[in-house]
Amino acid sequence: MHYVAVIDKDPDSAYGIQFPEVPGCYSAADCFEDIVPNAIEALSLFLEDGEPVPPRGIEAVRDEVAGNIADGAVLMMIPYVRDRRRVVRVNLSLEKGFLDTLDEAARMRGMTRSAFVQKAATREIVDPA
């Protein structure tokens, strides 16, 4: 599930992040690279105690925030990552040579296999390029 974020920036200020589909949910980021992680965290914290509102989609939101866009704001799809605190054990099947390489990469970074896989997967979810 993804929500539309409206990102804007005034000169000499942080990036402002708002979610028209989730009234009252806001965030900010000092640098561009922090927009998505900060937005994910804001959604996760804001929606943690209730059921998420179904997203309406970028077309509906685009019409609603046309004035913001005309003033230079941009729209960005932000994934909602639910329940970031609870750890769940899963079973994955990976080719042995790949697993060895993955474990070595995790060791080189001082990370566990699980932490490394989660970080890599999060990067793909956030920035699928």
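Predicted model: local features only at pLDDT ≥ 70, side-chain atom pairs only at ≥ 80, totals over all residues.
A residue counts as buried here when its relative accessible area is under 20%.

A search of the whole structure turns up 2 aromatic pairs. One of them joins Tyr 3 and Tyr 80 in an edge-to-face arrangement, with 6.4 Å from centre to centre and 75° between the planes. This pair bridges distant parts of the chain: Tyr 3 belongs to strand β1 (residues 2–9), while Tyr 80 sits in the loop between β4 (74–79) and α4 (96–108), 77 residues apart. Tyr 3 has a relative accessible area of 0% and is therefore buried. Tyr 80, at 12%, is buried too.

Tyr 15 and Phe 32 also form an aromatic pair, again edge-to-face, with 6.0 Å between centres and 70° between planes. Here, too, distant parts of the chain are linked, as Tyr 15 lies in strand β2 (residues 15–18) and Phe 32 in the loop between β3 (26–29) and α1, 17 residues apart. Phe 32 has a relative accessibility of 48%, so this residue counts as partly exposed. Tyr 15 has a further neighbour in Lys 9, which lies over the face of the Tyr 15 ring at 5.5 Å from its centre.

Buried positions in α1 include Ile 35, Val 36, Ala 39, Ile 40, Ala 42, Leu 43 and Ser 44. An α-helix has 3.6 residues a turn, so residues three or four places apart point the same way.

Note on methods: Residues numbered from 1 in each chain as written. Heavy atoms only, no water. Buried < 20%, exposed > 50% of the residue type's maximum accessible area, 1.4 Å probe, protein only. Helix = DSSP H or I, 4+ residues; strand = E, 2+ residues; numbered from the N terminus. Phe/Tyr/Trp six-rings, centres within 6.5 Å; stacked < 30°, edge-to-face > 60°. Lys NZ or Arg CZ within 6 Å of the ring centre and 35° of its normal.
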